[in-house]
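Here's a quick briefing to read alongside the structure.

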Amino acid sequence: MARVNCSVNNCHYWAQGNECVASEILITSDQFGADQPDSWDAPQSARTPVSPVDSCMETCCKTFVPKDSQEIEDDNVFRTK
Ligand code: SF4
């Protein structure tokens, strides 16, 4: 995955230097992200419907999961380091 810079340091996939170390991530619209369960994530990207938005304020990282969450294993995404 290309380097993903992220400042959301309470995410399970965040690492020092504001680096995302997830194996893959899914960026989608806020609306789609809100409508889907935690299990719908990057591994389902090929089946994810396109979701145009009007500004960056309407997008989200669907892969975000808080550190120590019980849902970390739900999406088949893993930390690469
Ligand atoms: S999964 Fe998303 S929110 Fe979490 S560190 Fe990576 S880019 Fe940031």
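**Phe32 and helix 1**

Leaving aside neighbours within four places in sequence, Phe32 is in contact with Trp40, Thr48 and Pro49. Keep in mind that this is a predicted model. Phe32 sits in helix 1, which covers residues 30-35, and Phe32 is buried, with a relative accessible area of 12%. As for Phe32 and Asp68, they are 36 residues apart in sequence, and their C-alpha atoms are 24 Å apart in space.

**The salt bridge**

- The salt bridge count comes to one.
- That one pairs Lys81 with Glu19, and the closest N and O atoms are 3.5 Å apart.
- Lys81 lies in the segment after strand 4 (59-61) and Glu19 in strand 2 (residues 19-20), so the pair ties together parts that are 62 residues apart in sequence.
- Are the two partners buried or exposed? Lys81 is exposed, at 60% relative accessible area, while Glu19 is buried, at 19%.
- The cut-off for buried is under 20%, so the 19% of Glu19 counts as buried.

**The largest pocket**

- The volume of the largest pocket is about 150 Å³.
- Its lining is made up of 13 residues.
- Which of them lie nearest the centre of the largest pocket? Those are Cys6, Cys11, Cys20, Cys61 and Phe64.
- By residue class, the lining of the largest pocket splits into 12 nonpolar, one polar and no charged.

**Thr63**

- Thr63 belongs to the segment after strand 4.
- Thr63 is buried, with a relative accessibility of 1%.
- Its side chain has a polar contact of 2.6 Å with the side chain of Asp41.
- A polar atom of the Thr63 side chain also lies 2.9 Å from the backbone nitrogen of Leu26.
- Setting aside neighbours within four places in sequence, Thr63 has contacts with Tyr13, Glu24, Ile25, Leu26, Asp41, Asp75 and Val77.
- So both polar partners, Asp41 and Leu26, turn up again in that contact list, given that contact means heavy atoms within 4.5 Å.

**Trp14**

- Look for Trp14 in strand 1 (residues 14-15).
- Trp14 is buried, with a relative accessible area of 14%.
- The Trp14 side chain reaches the backbone oxygen of Cys6 at 3.1 Å.
- The side chains of Trp14 and Asn18 are joined by a polar contact of 3.0 Å.
- Beyond neighbours within four places in sequence, Trp14 is in contact with Cys6, Ser7, Val8, Asn9, Glu19, Lys67 and Arg79.
- Glu19, one of those contacts of Trp14, is the residue that forms the salt bridge with Lys81.
- Cys6, another of the contacts of Trp14, is among the residues that lie nearest the centre of the largest pocket.
- How far apart are the C-alpha atoms of Trp14 and Phe64, given that the two are 50 residues apart along the chain? They are separated by 9.2 Å.
- Phe64 is also one of the residues nearest the centre of the largest pocket.

**Asn5**

- Asn5 is in the segment before strand 1 and is exposed, with a relative accessible area of 56%.
- The side chain of Asn5 makes a polar contact of 2.8 Å with the side chain of Arg3.

**Positive phi angles**

- Most residues other than glycine have a negative phi.
- Asp68 isn't a glycine, yet has a positive phi of about 70°.
- Asn76 isn't a glycine either, and has a positive phi of about 60°.

How values were computed: Residues are numbered from 1 along each chain as its sequence is written. This is a predicted model: local features need pLDDT of at least 70, side-chain atom pairs count only at pLDDT 80 or more; totals for chains, interfaces and linings use all residues. Side-chain values use heavy atoms; hydrogens and water are left out. A salt bridge is a side-chain nitrogen of Lys or Arg within 4 Å of a carboxyl oxygen of Asp or Glu. Helices (H or I, at least four residues) and strands (E, at least two) are DSSP runs, numbered from the N terminus. Buried means under 20% relative accessible area, exposed over 50%, partly exposed in between (1.4 Å probe, protein chains only). On a 1 Å grid over the protein atoms alone, a cavity is a set of points where a 1.4 Å probe fits but cannot get out, and a pocket is an open set with protein on both sides within 12 Å along at least five of seven lines; lining residues have an atom within 4 Å of a point. Grid points are joined across faces, edges and corners, and a volume is the space filled by probe spheres set on the points. Ala, Val, Leu, Ile, Met, Phe, Trp, Tyr, Cys and Pro count as nonpolar, Asp, Glu, Lys and Arg as charged, and the others, Gly among them, as polar. A polar contact is a pair of N or O atoms within 3.5 Å; within protein, one must be able to donate a hydrogen and the other to accept it, and residues adjacent in sequence count only if both atoms are side-chain atoms.
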